[in-house]
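Let's walk through this structure together, one packing arrangement at a time. Keep the 3D view open as you read.

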Amino acid sequence: MVYKCKICGGSMTVDPKTQIAVCEYCGTKQVLPRFSDDSGRILFERGNHYLSVSEYDKAENIFNQLVASNPNDPEFYWDLVLCKYGVTFVCDPQTGKYIPTCNRTHFSSILNDTNYQKAIELSTPDKASLYKDNAETINNIQKGILALSRKEKPFDIFISYKETDAEGNRSRDSVAAQELYEKLTAEGYKVFFSRITLEDKLGTQYEPYIYAALSSSKVMLTVCSSKEYIESVWVKNEWSRFLTLRQSDPSKELIPLYFDMSESDLPEEFAILSAQNMKKEGFEQELIRGIKKLIPLPVMLAAKRKKQKKTLGITAAVLGGILLVGGLISFPFVKSYINNDKAYQAALKLYENGDYTGAADAFGAISGYKNADEMKENSLNAEEKRIEDEKAANEERIQNEKYEAAMQLYYDGNYPEAAWALRDMNGYKDSAEMQKKAELAWRESLATVAVEINLSASSHGAYYISANGSVETFDYNPGNANDGIRINEHGEIVSIAAGVPLYALYEDGYVANSAINNRLEADWENIIQISAPFNSTSIALTNEGKLVYGNIQNPGNEKDTDSWLEEVSNWTDIISFSYGAERYGYGGLEDAAIVGLKSDGTVVATFYDNNSYSKSAKDFLNSLKNIKKVNIAVGYFVGASGCSIQITAMDTNGILYYFSSDSGISTYENLNCIDFSFGDYIDESHSLLRYDSDKIILEDVVYLSGDFTITRSGTIYKYYTENTMAKTKIKDVWLDRR
């Protein structure tokens, strides 16, 4: 396996014991993670690619995925540190060595970063030493950036834009941004415009000035004419950092400006902001008027006040001399003027320090003097805005905390609760997109990839989902129940269920043939899981955690009734279910049962008929706590006395609980179980074993359902034989089971 250097892209020589690699080209040492398959390595290299081209947000997303699936590997935590501080490496032309640069300055030290500390905690001494050396280098760079940035005078406005087009020529955005820069500068504002502000700086020295400007600016203007430009690496790096600063300082305002593009093409992060079309008549006047409300006392006004103060001093001295000569030092008008001016200056100080309520009272006390009445109104408006901003910032903080909690559920593999939490975010950030991803992962984790439809001597074929996402028939038992099922606008097929025609659950939650098989007006949508024991009423789990069911399959048969299913309509917070049924040939139901697993780890159940085992089965299910998965089967089993029931459940500790209406309850501990079927389970090493045996039946198993088993290579087996049946696509959620 060849690894590429994350710094220069050269080949790496890896020490297999320490997993510390040395680049054959640039000579740097790096820690490499351990992978059990190529999919993780490919994901890691993709993250490093994004890191090398400064796509820090994309890189961070990938490394968070790797942390979720490999929580004990220190390298992924270190990579998250590199993303946070925007660390890239540039070649020093004098020494030829690659040195780190930081493009995302933070006031907090890297040495206090939780991901850095986690990387050290999980590392061997050799790895920890390497991380510490690199962290110290980055920490010193950060100190230098902060020291230099403190020397910079504060800015009022930061203009973010794309300087060059695809051919390297100056972009239209740059020209439009400079026009704004000149107008705002003329108004007296200090404006950061990189083309001019950084014209005498080297590229590697930009960060201190960018950080200083981002930190001090009250307003950011993003100028863009295309979706490509506003989402380009360095432009996004600027506005995303400004939005982060805005979370802790609600007085900061980002105003998106666009032209020759649709407002809908602006980033999702701008959805709650008030964007302005630069081609709209009166745009500049409205923009400058708005900025004056946000920054009523820019640099120019401060200089003007200084000049007025100096003029006032001269006037006062002249008046003082005249009055002294005339013996009129106690003249009431002069005393009033001097006192009012002192009060006015004190009120201005309160205003500048953000004490708008105090400033309003102070200006009110000298009503009629200069523009005190106007400043009182400005103070009241500023206080009202401060309260609104504080409220908005608090709401933003709460929303962000909810979003982070939802994303943690997603990274932890708790897809149902992640989907519900993201749904309640009402489109905050990328919650709508992440909700769909969580639902898809939930759907894939419960998928039935292969089924066989048969009853007594009759058969309707055996089917599986192929590697390209379509439904094919096994050679050993071909059928035509899959006719008409194709990849379409709903995506690939994720799961299938017995039916003639076959049920097919697509990526977006649409279920093909659910209407025709259940005599419904329309096919089901927003479905997570579907089950339909052949010739029985189908049951489906919705993305809201509720169960729905179709109409009975044999409405003219007195043995069939749907009344036993009414109870499941009242179940809530269901994250998965299992359904078993036995029929009298093609006739009515002989027996059936459904168990549902709730998000709190408890189990609910309903039974078609109150047989002798129903009460004991219910008692068993009611005793279960902290359950991760439960399966139920109804039928004629080998050695069973007539139609009976079997239930298997696994708790969060990997302990298996088995119930049989014939043999009672059994408990299996210390199996290190991550998934199971009836009598068989997969352990943490992905070996397939029997509950009561240490003999490995099959290795590299990632999926187990009914009679079918799938290995890491995507090979489908039936009855755990070595006979290859077909190939399917491996889902990441199967590999992440733990």
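**Helix pairs, a sheet and a loop**

Helix α3 (residues 74–84) packs against helix α4 (residues 114–122) at an angle of about 160 degrees, with the two axes 8 Å apart. Here helices (H or I, at least four residues) and strands (E, at least two) are DSSP runs, numbered from the N terminus. Axes are lines fitted to C-alpha atoms, for helices over the stretch in contact, and angles run from 0 to 180 degrees between N-to-C directions. α3 and α4 are therefore roughly antiparallel to each other, a label for angles over 145 degrees, while those under 35 count as roughly parallel, 65 to 115 as roughly perpendicular and the rest as oblique. Their crossing is left-handed, meaning that the near helix is turned anticlockwise from the far one by less than a right angle; clockwise would be right-handed. On the α3 side, Pro74, Tyr77, Trp78, Leu80 and Val81 meet Asn115, Tyr116, Lys118, Ala119 and Leu122 of α4, where contact means heavy atoms within 4.5 Å.

A word on what you are looking at: this is a predicted model, in which local features need pLDDT of at least 70 and side-chain atom pairs count only at pLDDT 80 or more, while totals for chains, interfaces and linings use all residues. Residues are numbered from 1 along each chain as its sequence is written, and side-chain values use heavy atoms, with hydrogens and water left out. The chain averages a pLDDT of 84, and 85% of the residues score at least 70; pLDDT is the predictor's confidence in each residue, from 0 to 100. Over residues 325–330 pLDDT stays under 50.

Next, look at helix α16 (residues 415–423) and helix α17 (residues 431–445), whose axes come within 8 Å and cross at roughly 160 degrees. That makes α16 roughly antiparallel to α17. The contact includes Trp420 of α16 and Trp442 of α17, and the crossing of α16 and α17 is left-handed.

Further along, 4 strands form an open antiparallel sheet in the order β23-β24-β25-β26; two strands pair if DSSP finds at least two bridges between them. β23 (627–635) and β26 (664–668) stand at the edges with a single partner each, so one side of each lacks a neighbour in the sheet. Strand β25 (residues 656–660) is joined to β26 by 5 bridges, and Leu656 stands opposite Tyr668 in β26. Helix α19 (residues 614–622) lies across β23, β24 (644–651), β25 and β26, running at about 170 degrees to β25.

Finally, Tyr608 sits in the loop between β22 (603–607) and α19. Tyr608 counts as buried because its relative accessibility is 17%; buried means under 20% relative accessible area, exposed over 50%, and partly exposed in between (1.4 Å probe, protein chains only).
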